[in-house]
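Welcome! Take a moment to turn the model around before reading on, and keep it in view as you go.

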Amino acid sequence: MIKATQPLTAAPISGPLRDARGLSAALVAHFAEHVARCGTLPGDALRGEVTAVTRTCLELAAGVLEGRDVSAKVERLQRAGADWAREGIPIGTIHRAVHDGFAVGFDLIVDATGPEDYARLAVTARRLFEVLAIVDSAFAVSYVREHRAVVAEHHTAVHTVASALLAGHPASTMARAGGIEIDESYYVLALSIPSHPGEDDPRVDGEVVARRKLRRVQSELARGGRGRALSLLSADGGTVLLPAAEVTPAEIGDLVDGLSTAAQVPVTATVIHAETHRIPEAAEQAHELLDMVHRLECAPGLHRFDDLAMEYQLTRPGPAREYLGTLLDPLDAYPELLETLRRHIGNDLSRRHTARVLGVHTNTVDNRLKRIGQLTGFDPAQPSGLWYLRSALVARSYRKSERMRIGRPDTMAASNAAK
């Protein structure tokens, strides 16, 4: 039972608030004129729900001032807060209306008092702060609870539709049920999210750090994808479907940068554009491309298929890949040369960047590249030699056993179904 504390010195003033019917009508008129979101509500909503809730607030205030039980009034406000959350009315609009009503009500009480009522006015002011706390809390708690429920429902719908599209199953019925619009084509992103430093810190819970990282990524994805991105994500990465009608190719790069900022670690992504019925094939291709980017130790960021088409083709099984994979065998006895070549190519042939990463002088990088040419017969300083060395590096990375691709569509869908 919620009941006000007993007054310490004098009885509070509640008379000006007792005409709840008339005062609520005046307050609703004030809301319609001065609280922007309320002014956009249809007349029947203002005359009905908003007026009823305003009257409840006034009755609650009078009840607190007079020391009566107001539990039923609080429950009524909580139901209204939940309804407004589901209708999408901003919580800021609700609080603005509450505080405006509080100010108007307090002004009425002040206008009704004289110099001899100072002690009662002081008690009334304290009680009204109790009223404000009770009303704010009632709306906030119910609003947040309902908002979380709505978000969870939408999140489940997004996962269901994303899983269906990635598996090549019909998704139109599920999409309509979840209020999700399916586009004619999508940009299919394969994401790799490395561990946050906090995940390996023994002083904190690594799983909590990972969950927080994932929530930040999902929040940024919702913002950058304009609320229409479909995804299957874990703390390590996954697959994202961006409606082609909502984003441009240039914006995808900005989105990946934003995801890196949100995750607080450098995100690596690959992207392929595909019509909706080709999403399963495109997702598999995007993750194969992401796997290749990791094998080649390319820099984090967005990697497009067009920029890596040659490397991708070299990863296809066959005698050419086997032959190219043997070209770097002479470097097996010189791991520092192989590492230099890998870094140099991964850094877009930037000698300075390669030297900085390896912690050596640029002259050392030059000397190692010359030595690589002598041992392999392919000069890294010549376009043709560099082409063979780059191709050999790609092919060589696939001579070892295949490793699990991060966020691979089939494994993500299976995990989601199990949950």
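Here is a short tour, from the overall picture down to single residues.

**The whole protein**

Please keep in mind that this is a predicted model. The protein has 419 residues, and 47% of them are buried. Its fold contains 17 helices along with 5 strands.

**Cysteines**

How many disulfides does the structure hold? The number is 0. Cys57 has a relative accessible area of 18%, so it counts as buried because the limit is under 20%. Cys298, at 22% relative accessibility, counts as partly exposed.

Next, look at helix H13, residues 335–346, and helix H16, residues 383–397. Their axes lie 11 Å apart and meet at an angle of about 105°. Angles of 65 to 115 degrees count as roughly perpendicular, so that is the label for H13 and H16. From H13, the contact is made by Leu338, Leu341, Arg342 and Ile345. From H16, the partners are Leu386, Leu389, Arg390, Leu393 and Arg396.

**Residues in loops**

| Residue | Loop lies between |
|---|---|
| Glu184 | helix H7 (172–177) and strand S1 (185–192) |
| Arg226 | helix H8 (206–224) and strand S2 (230–234) |
| Gln264 | helix H9 (249–263) and strand S4 (268–275) |

Is Glu184 buried or exposed? Its relative accessibility is 73%, and because anything over 50% counts as exposed, Glu184 is exposed. Even so, Glu184 has contacts beyond its neighbours within four places in sequence: Glu275 and Thr276. The C-alpha atom of Glu184 is also 8.5 Å from that of His277, although 93 residues separate the two along the chain.

Arg226 is not a glycine, yet its phi is positive, near 55°. With a relative accessible area of 43%, Arg226 is partly exposed, because this value falls between the 20% and 50% limits. Gln264 is likewise not a glycine, and its phi is positive at about 65°.

Terms used: Residues numbered from 1 in each chain as written. Predicted model: local features only at pLDDT ≥ 70, side-chain atom pairs only at ≥ 80, totals over all residues. Heavy atoms only, no water. Helix = DSSP H or I, 4+ residues; strand = E, 2+ residues; numbered from the N terminus. Buried < 20%, exposed > 50% of the residue type's maximum accessible area, 1.4 Å probe, protein only. Disulfide = S-S within 2.5 Å. Contact = heavy atoms within 4.5 Å. Axes fitted to C-alpha atoms, helices over the stretch in contact; angles between N-to-C directions. Parallel < 35°, antiparallel > 145°, perpendicular 65-115°, else oblique.
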